[in-house]
Amino acid sequence: MSIQRFHVGPRLSETAIFNKVVYLAGQIPDDATQDIAGQTAQVLAHIDRLLAEAGSDKSRILSCQIFLSDISLIGSMNQVWDAWVAQGNSPPRATVEARLANPDWLIEVVVTAAQI
């Protein structure tokens, strides 16, 4: 089986697919001036777009890792997440505090999903 890669750059690919499993790179906000709700919404929109491009969607997420620059942001992040997540298909998830590569980023999300 071959590996498919999308949006390949010199350092990373945004998406890799192998054996009908979609692996996304860590998704970050485009506009880091927004608060955690705005940044979370941006990141989740990126995930929706990349999963659709790969023949999947949020109801097929197998696991999710969320990195927050400050764990005290989890409540506001969860409000956006809860409105977005596919009801009845909430994936296994880990949420941790981490120092992110850009100090203006408040969130980064890594997703693995099954293809449809």
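This briefing describes the helix, core, strands, loops and surface of one predicted model. Because the model is predicted, local features are reported at pLDDT of at least 70 and side-chain atom pairs count only at pLDDT 80 or more, whereas totals for chains, interfaces and linings use all residues. Residues are numbered from 1 along each chain as its sequence is written, and side-chain values use heavy atoms, with hydrogens and water left out. Helices (H or I, at least four residues) and strands (E, at least two) are DSSP runs, numbered from the N terminus.

**Helix α2**

- The buried residues of helix α2, which spans residues 74-84, are Met77, Val80, Trp81 and Trp84, where buried means under 20% relative accessible area, exposed means over 50%, and partly exposed lies in between (1.4 Å probe, protein chains only).
- Seen down the axis of α2, these buried residues fall within an arc of 100°, so they line one face of the helix; the arc is that of the directions from the helix axis to the C-beta atoms.
- An α-helix has 3.6 residues a turn, so residues three or four places apart point the same way.
- The face of α2 turned away from the buried side carries the exposed residues Gln79 and Ala83, and Gln79 counts as exposed because its relative accessibility is 59%.
- Gln79 and Thr40 are 39 residues apart in sequence, and their C-alpha atoms are 9.7 Å apart in space.
- The cover over the buried residues of α2 includes α1 (36-53), β4 (61-68), β5 (93-97) and β6 (107-114), with contact taken as heavy atoms within 4.5 Å.

**Largest nonpolar core**

- The largest nonpolar core has 24 residues, of which Ile47, Ile66, Trp81, Ile107, Val109 and Val111 touch the most other members; such a core is a set of buried Ala, Val, Leu, Ile, Met, Phe, Trp, Tyr and Cys residues joined through side-chain atoms within 4.5 Å.
- Two or more residues of this core come from each of β3 (21-24), α1, β4, α2 and β6, and the largest share, 6 residues, comes from α1.
- Trp81 touches Leu44, Cys64, Ile66, Pro91 and Arg93, leaving aside residues up to four places away in sequence.

- Ile17 is found in strand β2 and counts as buried, because its relative accessibility is 4%.
- Leaving aside residues up to four places away in sequence, Ile17 touches Ser2, Ile3, Gln4, Phe6, Val22, Ala54 and Gln115.
- The C-alpha atoms of Ile17 and Ala98, which are 81 residues apart along the chain, are separated by 27 Å.
- Phe18 is also found in strand β2, which covers residues 13-18, but Phe18 counts as partly exposed because its relative accessibility is 35%.

**Positive phi angles**

- His7, found in strand β1 (residues 4-8), has a positive phi of about 55° although His7 is not a glycine, and its relative accessible area of 42% makes it partly exposed.
- Lys20, found in the loop between β2 and β3, has a positive phi of about 65° although Lys20 is not a glycine.

**Loops on either side of α2**

- Asp70 lies in the loop between β4 and α2 and counts as partly exposed, because its relative accessibility is 34%.
- The C-alpha atoms of Asp70 and Val111, 41 residues apart along the chain, are separated by 20 Å.
- Ser90 lies in the loop between α2 and β5 and counts as exposed, because its relative accessibility is 54%.
- Ser90 and Ser59 are 31 residues apart in sequence, and their C-alpha atoms are 7.7 Å apart in space.
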